[in-house]
Amino acid sequence: MALLIGLDGEMSDSDLDKGAVLIQIGVCDDYDHTFESLIGHEAGWYKTEKASSVHRIPNEDILAAEPADQVDRRLRRWLEDRLFEAADRNEHTGLRPFIPVGWNVGGFDMPFVRAFLPQSCELISRRSLDLNALCYAFEDARVTYQGERRSFHGWKKLAHNHAGNILGEPNWHDALFDAQAALQAYNFLTMAFLAIDYSPNL
């Protein structure tokens, strides 16, 4: 059985190949368990002003934070604890049971997570649940919501608004908030699908 986790990272830039680094990780499950940590780096890491203006994490906080290997060990223990709880619920899991959920989580976040948190990634599937893909699929299938067909951007806005309403005061681009918002967005899109009004293009 797969275990869905909201997952989000904040990075010093979008380009891992140029030396961008993972500076914050947020993970959550559907049982109100959360993990969040800054990830420390020595001075001189590759960063851009554009990324800094998005995540707003001061350089001094990154310099003072735990290094990646220590964060990796703590996150690995957190994931293992979730596995023990799944076993208590009689949920049988595989070798890489955790499926990350998020917006472009497989294409953007997970390469950084694999690079900086490799022990934890031994428990995280190479598969991911990309919310962008769901929104594109809903648009293509002409799924309606409250009687209206929605575009990709319309579905994404609905999902974002739902997550914001559930979580309260928005704190976008904080890794944990974004991870929790991803799970809430997934829950919304799932409920919309279960109440599906499918209008195929015949």
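Helices (H or I, at least four residues) and strands (E, at least two) are DSSP runs, numbered from the N terminus.

Please note that this is a predicted model, in which local features need pLDDT of at least 70 and side-chain atom pairs count only at pLDDT 80 or more, while totals for chains, interfaces and linings use all residues. Residues are numbered from 1 along each chain as its sequence is written, and side-chain values use heavy atoms, with hydrogens and water left out.

To return to the pair, α6 passes α7 in a right-handed crossing. A crossing is right-handed if the near helix is turned clockwise from the far one by less than a right angle, and left-handed if anticlockwise. Asn132, Cys135, Tyr136, Phe138 and Glu139 of α6 meet Phe152, Trp155 and Lys156 of α7, where contact means heavy atoms within 4.5 Å. This contact holds five nonpolar, one polar and two charged residues. In this scheme Ala, Val, Leu, Ile, Met, Phe, Trp, Tyr, Cys and Pro are nonpolar, Asp, Glu, Lys and Arg are charged, and the others, Gly among them, are polar.

I turn next to helix α8. On the α6 side the contact is made by Leu131, Leu134, Cys135 and Phe138, and on the α8 side by Ala182, Ala185, Tyr186, Leu189, Ala192 and Phe193. Those residues divide into ten nonpolar, no polar and no charged.

The remaining pair is α7 with α8, whose axes come within 8 Å and cross at roughly 120°. That makes α7 oblique to α8, and their crossing is right-handed. Among the residues in contact are Trp155 and Leu158 of α7, and Phe177 and Gln180 of α8. By class, this contact has twelve nonpolar, three polar and no charged residues.

Between these two helices, in the loop between α7 and α8, we find His173. His173 has a positive phi of about 75° although it is not a glycine. At 37% relative accessibility, His173 counts as partly exposed; buried means under 20% relative accessible area, exposed over 50%, and partly exposed in between (1.4 Å probe, protein chains only).

His173 is also one of the residues that Gln24 touches. Gln24 lies in strand β2, residues 22–28. Is Gln24 buried or exposed? Gln24 counts as buried, because its relative accessibility is 7%. Its side chain makes a polar contact with the side chain of Asp174, at 3.3 Å. A polar contact is a pair of N or O atoms within 3.5 Å; within protein, one must be able to donate a hydrogen and the other to accept it, and residues adjacent in sequence count only if both atoms are side-chain atoms.

Note on methods:
Axes fitted to C-alpha atoms, helices over the stretch in contact; angles between N-to-C directions. Parallel < 35°, antiparallel > 145°, perpendicular 65-115°, else oblique. Lists of a residue's contacts leave out its neighbours within four places in sequence.
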